[in-house]
Amino acid sequence: MDRKSKLSNVSGAIFFILGLFFLRATACRTPANGGTVKYSALSCRKHSALLTDFGAVGDGKTSNTKAFKAAIHHLSQSASDGGAQLIVPAGKWLTGSFNLTSHFTLFLHKDAVILATQDESEWPLVPALPSYGRGRDSPGGRFSSLIFGTNLTDVVITGNNGTIDGQGASWWKKFKAGQLNETRPYMIEIMYSNQIQISNLTLVNSPSWFVHPTYSTNITIHGLTILAPIDSPNTDGINPDSCSQTRIEDCFIVSGDDCIAVKSGWDQYGIKVGIPTEHLVIRRLTCISPDSATIALGSEMSGGIRDVRAEDITALSTQSSVRIKSAQGRGGYVKDIFVRRMTLKTMKYVFWMTGSYGSHPDPGFDPKALPLIENINYKQVEAENVTYSARLEGIPNDHFKGICISNVTIALTEKPKKLQWNCTDIAGVTSNVTPKACDLLPESKEVVDCPFPEDRLAIEDVKLVTCSASLPFF
């Protein structure tokens, strides 16, 4: 498919699905002239303030970085007295990077837009993540994320579908031209934290990754609409990184990179830190990403990835479904992966595993550090307009093993590739799969239903409570 046809197909899919999301969002919207809105959150707050109480101006031109910082500093004093919420009212609120506090809610009115400034002086530099050893874009440090927090407890970022706009185009241009010495900022990054909720927002045009929880636990992400041009560099949607007990539900993502990328550190740095991503559930995800994966596991997986449960996944005009990316030198593991009920339309690959994803942070990696890839399960997959059924490439003398694929129907494009299943250095079994898989994944003599866990993760039993935000009248 040529680029023009690809863009046309993607545009049609985006407008159709966005229409459905708009109808869903309008059901919970409040009148533009203010009032009280109800919303669901981990915790309600005793104290509340408006951003305008701290001198903010919502004209899209005035910098409000000082106002955000002053508001959060003031409200942080209520952390031990029932917590506090900061309400961002209707308007366009230009700002640089700011830090959150514990027992805190950032709430966006439906007509509020937080605009990321393009003034680099309002993006402080922060050290590289210890599990990466360097910035992801360059050997230096990195710009702080637009919304940042570290060592926090009980933080909610939500709204009734308000917008955060990263204004990423200038960053993408500088990155492509090699004009940056530090890694581009992410939109939201929460580190070393517990009890995090990010929900019911529209996020657009991040300079790089959109949502990046790292070294954190008990994370709830739901109801996000994430939009970036399909040719924008590294605009991953949601990247849980060395996190445990994470729930991602009901998100719609259009991305220039992976819609969700599960990570845990890069080569020797990730091995040394050794914090896995584990106990992750992903449900009701819709993804459009013509050049990347619906869900990627890796490639930075050196701290390990295990117990990932993905179900009810839809991908449209996307390169691949749930892809495993690794390489010699990564070490770590990807194991106990369970995927079911995927609906895929216009895909390059249905199944893709890569053992030669060769980017490394520096020459200090150990080429003898081999990843363990095992117990990978897919079932109940319906796919149409597919170019390749599978490209499954393990590592010589380090085979990807324990692969189970069952109850899969793949309808091919009008001009499919002759070799539908390209398999090397893997081992496993298939059952009721069309087209027939490669010899390394033989059809089981008995009917096999690949496993999916029946137990529930602790994060699935976290209950949200109904809270309220009083919005100003205009």
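**Close-up views of salt bridges and disulfides**

**View 1. R330 pairs with D267 in a salt bridge.** In this predicted model, the closest N and O atoms of R330 and D267 are 2.8 Å apart. The two residues come from distant parts of the chain, 63 residues apart. R330 sits in the loop between strand 23 (320-325) and strand 24 (333-354), and D267 belongs to helix 4 (residues 267-273). R330 and D267 are both buried.

**View 2. A salt bridge connects R142 and E189.** Their closest N and O atoms lie 3.0 Å from each other. R142 is in strand 10 (residues 142-143) and E189 in strand 14 (residues 188-191), 47 residues apart. R142 has a relative accessible area of 5%. For E189 the value is 1%. Both count as buried because the cut-off is under 20%.

**View 3. E311 and R283 meet within a salt-bridge network.** The N to O distance of this pair is 2.6 Å. E311 lies in strand 22 (residues 305-318), and R283 in strand 20 (residues 277-288). Both side chains belong to buried residues. Shared partners join E311 and R283 to others in one network, including R247, E249, R340 and E460. The structure holds 25 salt bridges.

**View 4. C259 and C287 form a right-handed disulfide.** The sulfur atoms are 2.1 Å apart. The S-S torsion is about 75 degrees. C259 is in the loop between strand 18 and strand 19 (260-262), whereas C287 is in strand 20. C259 is buried at 0% relative accessibility, and C287 is buried at 0% too.

**View 5. A left-handed disulfide links C404 and C450.** The S to S distance is 2.0 Å, with -85 degrees about the bond. C404 lies in strand 26 (residues 400-412). C450 is in the loop between strand 28 (426-434) and strand 29 (465-471), 46 residues from C404. C404 is buried at 7% relative accessible area, and C450 at 1%.

**View 6. C423 and C438 form a left-handed disulfide.** Their sulfur atoms are 2.1 Å apart, and the S-S torsion is about -95 degrees. C423 lies in strand 27 (residues 421-424) and C438 in the loop between strand 28 and strand 29, so the pair ties together parts 15 residues apart in sequence. The whole structure has four disulfides.

**View 7. C243 and C251 have no cysteine sulfur close enough for a bond.** The closest cysteine sulfur to that of C243 is in C251, 15 Å away. For C251, the closest is in C259, at 10 Å. C243 is buried, and so is C251.

Technical notes:
Residues numbered from 1 in each chain as written. Predicted model: local features only at pLDDT ≥ 70, side-chain atom pairs only at ≥ 80, totals over all residues. Heavy atoms only, no water. Salt bridge = Lys/Arg side-chain N within 4 Å of Asp/Glu carboxyl O. Helix = DSSP H or I, 4+ residues; strand = E, 2+ residues; numbered from the N terminus. Buried < 20%, exposed > 50% of the residue type's maximum accessible area, 1.4 Å probe, protein only. Disulfide = S-S within 2.5 Å.
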